[in-house]
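Hi everyone, thanks for coming. Let me put the sequence and the structure up on the screen, and then we can walk through them together.

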Amino acid sequence: MRAAVVPSVNGKWEVKEWQTPKAGPNQVVIKIHASGLCYTDVHITHGMIPVQFPHVLGHEPVGEIVEVGPGVTTRKVGDRVGVGWVQRGCGRCEWCLRGKKELCQNAISTGIGLQGSHAEYMLAYADATMLIPDALSYEQAAPIFCAGYTVWSGLRLADPKPHERVAVVGIGGLGHLALQYAKAAGFETIAVTKSKDKEKMIRELGADEVVESGAALLAAGGADVLLGTSNSWASTEEAAQGIRPDGRVVVMGASNEPFRFNMGMMLSRVRILGSSQNGPEYLYEALDFVAKKKVKVVTETYKLEDIGKAYDRVADGKVRFRAVITMD
Ligand SMILES: [Zn+2]
Ligand SMILES: [Zn+2]
C-alpha cells in the first residue's frame, strides 16, 4: 500500500510503499477514506511525543472495514468506522479496571503504538472503532475523531450550566469546532483571537462576540468557561484574565510551557482543568452534532500524494481550519 512515512525525528514526510496491515485477534483492517492532520502530527515529527521511526502518523482515521480478525463479533466487513486516539489500555491497572483506559499509562494509541492513518489501510482494535452515522461524510467525520472529540470532551468536563458564557481561545482546527459546539449546545459564545481579520468568519461559525484579549473578554462580561484550544499556553493564560468567579479554564492544546495560576484566580475559585479525549460517549455526541448539521468542519482537502504540502501548512498555522487527506 501507499503511506506517508516519517523516516526519523525531524525527517521529511515521504509517500512510499509500506507494508499492508493484516488483522490479528480482535483487530480489523480499515480501508482509509479520509484522514485528518492534527498539530500533534507536528509535535510527533519533532520528537515531543516519542515513537519508533520510521513511522506512519495520523490519528483522525475514517474508512470502511475490509478485514476482521479472529474473535471480532461486533464489527463486520463494510462497516463505516473511525478510531479515536487511545485504542487499548493494559487492562490491568487501576484506571483500566475503573473503565478509564484513556488514563492508562501503558495505553496503545493510534499513530503512536500503532501505525496511523495517513495511509491506504490502517490496523485497529475492533473495540476502539466507532460506527459513523450514515448521514455523515468521511471528510466531515475524520476531524471529529481528534479535534471534535477533544473540544466536546473539554466542554463536557467543564460542565457548563444554563446561562453560563463560554469563551474559546485559539480559533484553529480545534477552536473553530469548539465555537460551534458551544453554540450548538445553547451557550452564549465568545471568541478570543488576535486575528481580527477573521472576525466575519468567526461570527459565521457561531461566535456572539469576538474579542482580542483577556482584558477585553473581562470588559465584555467575562466567561464562566474558557476552552483553551491553542498550542500556546501563554495565549490561554492571557485569555484567562477574562474568567469569572467560579469559572473553569480547560487546557487542551499540547505544550510543554508552564501554566501559571495566580492569587486572583485562587480567591475567585477558578479551576484549571486538563482535558483530552475523555471517553466514547463524548465521541458519540460529537459525531451526532455533525451528522445533524449543527456543527460543520471547515476543511482543506488534499490527496495522499500532496500530504507534504498539507503538513507544511499545518506546521505554519495556515490551515483554515482542518487539513484532511481524502482517498476517494
Ligand atoms: Zn490530534
Ligand atoms: Zn491500564
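First, the ground rules. This is a predicted model, where local features need pLDDT of at least 70, side-chain atom pairs count only at pLDDT 80 or more, and totals for chains, interfaces and linings use all residues. Residues are numbered from 1 along each chain as its sequence is written, chains are lettered from A and ligands numbered from 1 in the order in which they are written, and side-chain values use heavy atoms, with hydrogens and water left out.

So, the domains. The assignment gives domain 1 as 2-145 + 278-326 and domain 2 as 148-274; such bounds come from an automatic or database domain assignment. Each domain puts 23 residues into the contact, with contact meaning heavy atoms within 4.5 Å. Taken over C-alpha atoms, the domain centres are 26 Å apart.

How much area do domain 1 and domain 2 bury between them? About 2000 Å², 65% of it on carbon and sulfur atoms; that is accessible area (1.4 Å probe) lost on putting the two parts together, summed over both. On the domain 1 side, Asn278, Phe289 and Phe321 lose the most, together 30% of what that side buries.

The rule finds one salt bridge across this interface, that is, a side-chain nitrogen of Lys or Arg within 4 Å of a carboxyl oxygen of Asp or Glu. Arg156 pairs with Glu285 in a salt bridge, with 2.9 Å between the closest N and O atoms. Helix H10 (280-291) gives the most to the domain 1 side, with seven residues. Helices here are DSSP runs (H or I, at least four residues) and strands are too (E, at least two), numbered from the N terminus.

Now the metal. Which residues coordinate the zinc ion (ligand 1)? They are Cys38 (SG), His59 (NE2) and Cys146 (SG), at 2.0 to 2.2 Å. Donors are N, O and S atoms within 2.8 Å of the metal (3.2 Å for Na, K and Ca), and water is not among the atoms, so sites may look incomplete. Along the chain the spacing reads C-x20-H-x86-C, and His59 and Cys146 are 87 residues apart.

Last, the backbone. Phe53 and Pro54 are joined by a cis peptide bond, omega about -5°, and Pro54 sits in the loop between H1 and S4. Another cis peptide bond joins Arg320 and Phe321, with omega about -10°. His163 has a positive phi, near 80°, in the loop between H4 and S10.
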